[in-house]
Amino acid sequence: MWTLQSNAAIKQKYQETEEAKRKRIVGEVLLRFAIQICDEQRKNTRKFSFEHPAGAASWIETCVEELARKEEVRGLVVDQCVFGLRAPLNQMAYCKRTRILTNSLNMVRLFEGELEGKTRVGGKL
């Protein structure tokens, strides 16, 4: 009996607030919309790029995984320091990992060439 009560207490403690639930739902709608736009671009032989932090939960959403599996779609993982991201306090290069889905082979080639031989330099924000 204690286990059942403990599990109920844990679930209640971590239950989403109404505001958190609303924000999550809005985020899911916006993510699906962004992926629909990317897929529409792909279907009409136009280029697209979709970027999110590498550790974001969006990468395991079904709609994102389905787009990533398309034959002409490529994935890149890069550190934002290659774009010039700097820590605001000390201006050190800040290597925040990000992922990009794209159907632009030129973009893939550019990043592969740009990143070749570069090393990560880290700093704290």
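Arginine 42 lies in helix 2 of a predicted model, in which local features need pLDDT of at least 70, side-chain atom pairs count only at pLDDT 80 or more, and totals for chains, interfaces and linings use all residues. Residues are numbered from 1 along each chain as its sequence is written, and side-chain values use heavy atoms, with hydrogens and water left out. The protein has four helices and three strands; helices (H or I, at least four residues) and strands (E, at least two) are DSSP runs, numbered from the N terminus.

**Overall architecture**

- Along the sequence, the elements follow the pattern α-α-β-α-β-β-α.
- Of the protein's 125 residues, 25% count as buried; buried means under 20% relative accessible area, exposed over 50%, and partly exposed in between (1.4 Å probe, protein chains only).
- The accessible surface of the protein comes to about 9,300 Å², and 54% of this surface belongs to carbon and sulfur atoms. Accessible areas come from the Shrake-Rupley method with a 1.4 Å probe, and for residues only the protein chains shown count as cover.
- Among contacts between residues at least 6 apart in sequence, 62% join residues at least 24 apart, where contact means heavy atoms within 4.5 Å.

**Helix 2 and arginine 42**

- The 26 residues of helix 2 should span 38 Å at 1.5 Å a residue, and the end C-alpha atoms of the helix are 37 Å apart, which agrees. The expected span is 1.5 Å times one less than the number of residues.
- The buried residues of helix 2 are Leu31, Ile35, Cys38, Asp39 and Arg42, and what covers them includes strand 1 and helix 3.
- Arginine 42 has a relative accessible area of 13% and is therefore buried.
- The side chains of arginine 42 and aspartate 39 are joined by a polar contact of 2.7 Å. A polar contact is a pair of N or O atoms within 3.5 Å; within protein, one must be able to donate a hydrogen and the other to accept it, and residues adjacent in sequence count only if both atoms are side-chain atoms.
- Not counting residues up to four places away in sequence, arginine 42 touches Phe48, Leu67, Lys70, Glu72, Val73 and Asn103.

**Nonpolar cores**

- The largest nonpolar core has 11 residues: Leu31, Ile35, Cys38, Phe48, Phe50, Trp59, Cys63, Val64, Leu67, Val73 and Leu101. Helix 2 (18-43) and helix 3 (62-68) are the elements that give two or more residues to this core.
- A nonpolar core is a set of buried Ala, Val, Leu, Ile, Met, Phe, Trp, Tyr and Cys residues joined through side-chain atoms within 4.5 Å.
- Another core, of five residues, lies apart from the largest one, and among its members are Leu76, Ile100, Val108 and Phe111.
- Leaving aside neighbours within four places in sequence, cysteine 38 is in contact with Phe48, Ser49, Phe50 and Leu67.

**Loop residues**

- Most residues other than glycine have a negative phi.
- Threonine 45, in the loop between helix 2 and strand 1, has a positive phi near 55°. Threonine 45 is exposed because its relative accessible area is 71%.
- Glutamine 91 also has a positive phi, near 60°, and its place is in the loop between strand 2 (74-79) and strand 3 (97-102). With a relative accessible area of 48%, glutamine 91 is partly exposed.
- Glycine 55 lies in the loop between strand 1 (49-53) and helix 3, and counts as exposed at 77% relative accessibility.
- The C-alpha atoms of glycine 55 and arginine 97 are separated by 7.9 Å, although the two are 42 residues apart along the chain.
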